[in-house]
Amino acid sequence: MDIILLVVGLLLMLIGILGSILPVIPGTPISWLGLIVLYLAPSIEFDWTFIIITGIVAIGIYILDYIIPAIGTKKFGGSRAGAWGTIIGLIVGIIAPIPFGILIGPFLGALVGEMAFNQTDGPKALKAAFGSFIGFLASTFMKLFATLVFLLLFCWKVWEYRGVLFDFSG
């Protein structure tokens, strides 16, 4: 049972890391679920304090993920159309077979959103697109960092309990 929970927890960790980059997967909460699954292993002592603190961090980052790009967009004079353009551009950038699509897509999406739907002039739209892009990068970095820290905590706990987790003697 321990090994099954360990493998499921590790899979959730890896999906969480992937989700920290892809907008359709809530990366940080999924990584946190990986920690919970690991702690459900009978050989590992359940730590409520650890689970609650990491859960608060996961929820906080999940909420900030929606706030930070909007702050970046607003700070640089952007609109809701620019923010939506960033999200759509990211999805297109992931799907389109172009180099650095995941970086180019959000910027171009914000620019198109500002110019086409908000009727913003060139320099102002460029500035808003840049703000939206910076917000997206900051948010993505924050999620990636958090999921990697969760993975390190996961590995640390597995290492700490390696004797009982991998004892196949009977």
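Predicted model: local features only at pLDDT ≥ 70, side-chain atom pairs only at ≥ 80, totals over all residues.
Which residues lie nearest the centre of the largest pocket? They are P23, D65, Y66, P69 and I87, part of a lining of 29 residues. A pocket here is an open set of points on a 1 Å grid over the protein atoms alone, where a 1.4 Å probe fits, with protein on both sides within 12 Å along at least five of seven lines; lining residues have an atom within 4 Å of a point.

Residues are numbered from 1 along each chain as its sequence is written, and side-chain values use heavy atoms, without hydrogens and water.

Mean pLDDT for the protein is 87, with 99% of residues at 70 or more. Two helices (DSSP runs of H or I, at least four residues, numbered from the N terminus) mark the ends of the confidence range:

| Confidence | Element | Mean pLDDT |
|---|---|---|
| Lowest | helix 4 | 81 |
| Highest | helix 2 | 96 |

Back at the pocket, helix 3 gives the most to the lining, with seven residues. Sorted by class, the lining has 16 nonpolar (Ala, Val, Leu, Ile, Met, Phe, Trp, Tyr, Cys and Pro), four charged (Asp, Glu, Lys and Arg) and nine polar residues (the others, Gly among them).

D65 also forms a salt bridge (Lys or Arg side-chain nitrogen within 4 Å of an Asp or Glu carboxyl oxygen) with K143, at 3.4 Å from N to O. This pair joins distant parts of the chain, D65 in helix 3 and K143 in helix 6, 78 residues apart. The whole structure has two salt bridges.

Conventions: pLDDT = per-residue confidence, 0-100.
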